[in-house]
Amino acid sequence: MAEDSVKLLGYWVSPYSLKVKWALKLKGIQYQYVEEDLKNKSPMLLQYNPVYKKIPVLVHDDKPLAESLIILEYIDEVWKQNPLLPIDPYERAKARFWAKFADDKCVPALVAAFSKKGEEQERAVKEARENLKILESGLEGKRFFGGETIGFVDIAAGWIGCWAQMTGEIIGIKLIDAETMPLLDSWFQDFLEIPLIKECMPPQDELLEHCKELHTKF
Amino acid sequence: MAEEVLVFGAWGSPFSRRVEMALKLKGIEYKYIEEDLTNKSPSLLKYNPVHKKIPVLVHNGMPVAESLVILEYIDETWKDHPILPKDPYERANARFWAKFIDEKCLSAIFKACWGEEYEHEKAEIEHEKAVKEVSELLQLLENELKEKRYFGGETVGLLDIAANTIGYWLGVFEEASGVELLTREKFPKLCNWANEFVCVTAIKENLPPRDKLIAYLRNRFGAGNASK
């Protein structure tokens, strides 16, 4: 398919646009990437996502889509190779459930652990660890959420391992514990070792610098 | 194997009612279990250990939680009367607006009706801001409806069901709190849609009694933010 029929508006640091990059790469879809300056959003972004004015936005044949998990489902439905979601409705429901859980419960706790101080930070760290432990149960002992190969939840939530580790380094408190969360820890490591996953990641040192700088603002 | 479908819900919850509406639309028989949310049953805690919330759908012993996830499961399992369109872009659109309603609308509506306590001078301004925010959100839905009879087109779809909070519960919140939000002059299409929506059999049969809900809301949240 012609490259210019698929466009992704993203931000190099954002794990949300990263998820979409991973999905497109996994399925071998050619696309044009547009880096947005979030302090100076382009008219194109505001036109394509007037409701939230956020990235990522996928534009396919001039039709815009927003919200990363919704974009992932769309990609999966349009391009059938290397499916993200399983075929069985119950397994699909479980995948949607865990992707939502990661976004709704793990991420806010991580963000709070990163941005808060004192008691609030302590509470956030505790909550992050608890929710990560619950996320681990969703693995059901498998190597990846998708089974032997990566699927929807891996793409949706696999980035959390890297960001949680970076956050832990910056705030000086470990969030992912190989002892208390051995399966989750190996899942994150295995996921980040996959070539297509690694290739799309922003440069680690630049990412760390960016996050450190962001942290000083809190 | 005989099919067993259980729904754990709460009579006043738009979220568990959504599940019942979808099952009813598709003509699926199910057993309903009313949960006392102040005293959750061991079954609920077993079937939804992560969130411990309703609704939960249990199909042949297998539990599914989170109302929008349940709606998609129902549509994929029972193919009659589909609630999502076939076209991937339209499906994405329906999901987008359903998420929008859940993440943005409900809390904004609640804030406008029963918001936080503010000192007298601030109260009026904060209330106006909250009402304005709801207005902006409703305008987006009004625009999305366009000239369609339902969000789903000619028949009720996933987005209509997800918008049950707007189609029925919003009116009840307004009456219970005295705050006007969904006015006919500003939102003629949405009002028309709400009227049509609550007339659909599968929907009508699954709406909690208005008076009972109003009494419950007033009891739980107080008299509301209407200007005195």
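## Where chain B meets chain A

Between chain B and chain A, the count of salt bridges is eight, in what is a predicted model. One of these salt bridges joins B:R95 to A:E73, whose closest N and O atoms lie 3.5 Å apart.

**The interface in numbers**

- The size of an interface is often given as the accessible area lost when the parts come together.
- Here chain B and chain A bury about 2,300 Å² between them, and 69% of that area is on carbon and sulfur atoms.
- Chain B brings 24 residues to the contact, while chain A brings 23 residues.
- Across the interface, ten residue pairs are found in polar contact, with both residues at pLDDT 80 or more.

**The side of chain B that touches chain A**

- Three elements of chain B, namely β4 (62-65), α3 (67-77) and α4 (88-114), each supply at least two residues of this side.
- Of the elements of chain B, α4(B) gives the most to the side that touches chain A, contributing eleven residues.
- Sorted by class, this side of chain B has 14 nonpolar, two polar and eight charged residues.

**Two helices packed within chain B**

- Helix α7 (residues 164-177) and helix α8 (residues 188-197) of chain B pack at an angle of about 90°, with their axes 9 Å apart, which means that α7(B) is roughly perpendicular to α8(B).
- On α7(B) the contact is made by B:N164, B:I166 and B:G167, and on α8(B) by B:L190, B:W193, B:A194 and B:F197.
- The residues of this contact of α7(B) with α8(B) comprise five nonpolar and two polar residues, with no charged ones.

Definitions and conventions. Residues are numbered from 1 along each chain as its sequence is written. Chains are lettered from A and ligands numbered from 1 in the order in which they are written. This is a predicted model: local features need pLDDT of at least 70, side-chain atom pairs count only at pLDDT 80 or more; totals for chains, interfaces and linings use all residues. Side-chain values use heavy atoms; hydrogens and water are left out. Axes are lines fitted to C-alpha atoms, for helices over the stretch in contact, and angles run from 0 to 180 degrees between N-to-C directions. Helices (H or I, at least four residues) and strands (E, at least two) are DSSP runs, numbered from the N terminus. Angles under 35 degrees count as roughly parallel, over 145 as roughly antiparallel, 65 to 115 as roughly perpendicular and the rest as oblique. Contact means heavy atoms within 4.5 Å. Ala, Val, Leu, Ile, Met, Phe, Trp, Tyr, Cys and Pro count as nonpolar, Asp, Glu, Lys and Arg as charged, and the others, Gly among them, as polar. Buried area is the accessible area (1.4 Å probe) that two parts lose on being put together, summed over both. A salt bridge is a side-chain nitrogen of Lys or Arg within 4 Å of a carboxyl oxygen of Asp or Glu. A polar contact is a pair of N or O atoms within 3.5 Å; within protein, one must be able to donate a hydrogen and the other to accept it, and residues adjacent in sequence count only if both atoms are side-chain atoms.
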